[in-house]
Amino acid sequence: MATTIQSTTGGRGTTSADATTARRRNAKRPIWQEQPSVAGQGAKGGVIVVALLLIAFPLYSVAVTSFSTQASINVAGGLVVWPHGLTLNAYRLIISGGVVGRALIISLAITAAGTAISMVVTVLAAYGLSRQGSFGHRTILWVMMITMFFNGGIIPLFLVVSALGGYDQYWALILPSAVSVFNLIVMRAFFASTAAEVIESARVDGAGDWAILRRIVLPMSKPVIAVIALFYAVGYWNSWFNILLFMPSDSVRWPLQMVMYNYVTEGMTMPSSGTSGVGQYLGNQQIAPLSLQMAVVVLTVVPVLLVYPFVQKHFTKGVLLGAIKG
Amino acid sequence: MCLPALVLLLVFGYAPMLGLVMAFQDYDLYDGFLHSPWVGFANFQQLFADPGFWHAFTNTLVLFSVQLVLFFPVPIALAILLDSLLSRRLRSLIQSVVTLPHFFSMVMVVTIFNEMFGGSGLLDTFLRSHGVKNPADIMTDPSTFKFLVSGQLIWKEAGWSMIVFLAALAAISPSLYEAAAVDGAGWWSRLRHITLPGLKPITILLLILQLGYALTFGFEQMLIQLPAVGPGAGQVITTFSYENGIVNGDFSYGAAAGLFLGVTSVILILAANKVAHLFGEAGLYRK
């Protein structure tokens, strides 16, 4: 009798006398799992701390450096780890105009316009394809999916876009990548599974497609719409190669990623430019070039950080649906 | 309702596919697809006789294999580790941090690595201040480039790939573990006989998807770092195609390399699916 009580409370054959000294069993731990050893727990904790630091530490020191003065960058000999001598000068310079400020606005505009276009096109197609047995349903799906596995490649795409007059045009950064078939399929699967019955009953009640889409499908699909809008927005925000391809020389009109790329390649081919290069001036104050570069990196990350927390909780659903049904 | 999407895919997906006929032409910008002279397989003959192409081909296979071997176990291990945590709070905190870099651009990731490991990066400064005379510049060293790009891939994508495995782990029935524990199985044999077999289908599916991208993976990553590391280590078929086609303006030659890539990739996907069917898995599509 006594042993059964002990085993359900998780003691390892301890008597009630020293039960207080034994480690208490975590209530959430499944009953079949043995109490972990101290070494095992320590190793686990160690791995987790290292993984978190590997991601957080570079971001931290980049951020600190973007706020640092030339003097403290000189002391550190590069990236600053221990902050002293903080300044907002790099950001003041960016706000006051110039290449980076303009690039920031251009990037925001492309991302906003691109995401809007992509979402409208994707939602429409996903809804159209979500009804089993609608006209040409399977054929259209196949036509779309083939482009996931085979495409013409860079050079024919470049020539097609150029022939349409897209060279050096902002639409060339948006329209060729406006439809992601993967996103479309994820969304279609969500529409087809989640809202199917409600849609049917609404149709019986005589509602048209537009009304169903606006009043039923969209409100019911907020999670998947949020995730896919994030995927699209991040795609536009982060894209770099299409800038190199379609507007390589027009540096005045470059989005942010291209400006950042130029800073990096300069940094990689001239290793010491971080500490000794000639910086830009704000009034008569010299801005540390490295802190300006790091401010650009921070600017590319901040919008992602702002949106991320709100969408993050839906990832599992979005990713999984895609992985299973895609 | 599918019309806008279809139009975009036809213009920017299928029109370039038709444009691939230029691989069999001596394409000239002024003559276009319709009037450029046909040359048959001349571009491909030139391609297969070009040592630069075979070098890029070998590089592609080496970089892909090293990345696959180093990268693939990491998300699985991360998922198993995270799944074993009892605190939900801690679990979701770690998950949000490790998935974050997936949303950074490749340019940004390379920048971060350059600031950490480059010629005037943190590691370099640290080593110099501790008496190391000439620390290796990891960012420009061709011999370690494959490990560098694997490290970048792990930093950026391991957390994201983990999510799928986490979901697969959550789908394994706890009663299996319970029964095994009653039969006296320790955590190691539970891992080997329940957890890993439970992850097998999704692992095979993801491996197939990876194989499909074997020849086209990492294009931006390589292109960004080509100037620093040199074509010896960093030139892959995609960058080869881009350099010849766009940078040097030899459109037909670049398109020929691109067509070779596309066709080989499709064959790879179909072959990988066959293998998955042989193993009794569903794969990307069913038989």
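Visitor: What makes the crossing in which α2(A) passes α15(A) left-handed or right-handed?

Guide: In this predicted model, α2(A) passes α15(A) in a left-handed crossing. The term is used because the near helix is turned anticlockwise from the far one by less than a right angle.

Visitor: Why are α2(A) and α15(A) called oblique to each other?

Guide: The axes of helix α2 (residues 38–66) and helix α15 (residues 289–312), both of chain A, cross at roughly 125° and come within 7 Å. Angles of 65 to 115 degrees count as roughly perpendicular and those over 145 as roughly antiparallel, with the rest oblique. The two helices are therefore oblique.

Visitor: Which residues of α2(A) meet α15(A)?

Guide: V62(A), A63(A), T65(A) and S66(A) do, and their partners in α15(A) include L290(A), M294(A) and V298(A). This contact of α2(A) with α15(A) has 7 nonpolar, 3 polar and no charged residues.

Visitor: How do you know that F165(B) touches I202(B)?

Guide: Two residues are in contact if their C-beta atoms lie within 7 Å. I202(B) is one of the residues that F165(B) touches, and P75(B), I76(B), A79(B) and L199(B) are others. F165(B) is also among the residues with the most contacts inside the largest nonpolar core, which has 146 residues. Helix α9 (residues 145–170) of chain B gives the largest share of this core, 12 residues.

Visitor: How many residues does the contact take from chain A and chain B?

Guide: There are 74 residues from chain A and 70 from chain B. On the chain B side, helix α1 (residues 3–19) gives the most, with 11 residues. That side has 49 nonpolar, 18 polar and 3 charged residues.

Technical notes
Residues numbered from 1 in each chain as written. Chains lettered and ligands numbered in written order. Predicted model: local features only at pLDDT ≥ 70, side-chain atom pairs only at ≥ 80, totals over all residues. Helix = DSSP H or I, 4+ residues; strand = E, 2+ residues; numbered from the N terminus. Nonpolar A, V, L, I, M, F, W, Y, C, P; charged D, E, K, R; others polar. Core = buried A, V, L, I, M, F, W, Y, C linked by C-beta atoms within 7 Å. Buried ≥ 20, exposed ≤ 12 C-beta atoms within 10 Å, placed from the backbone. Axes fitted to C-alpha atoms, helices over the stretch in contact; angles between N-to-C directions. Parallel < 35°, antiparallel > 145°, perpendicular 65-115°, else oblique. Lists of a residue's contacts leave out its neighbours within four places in sequence.
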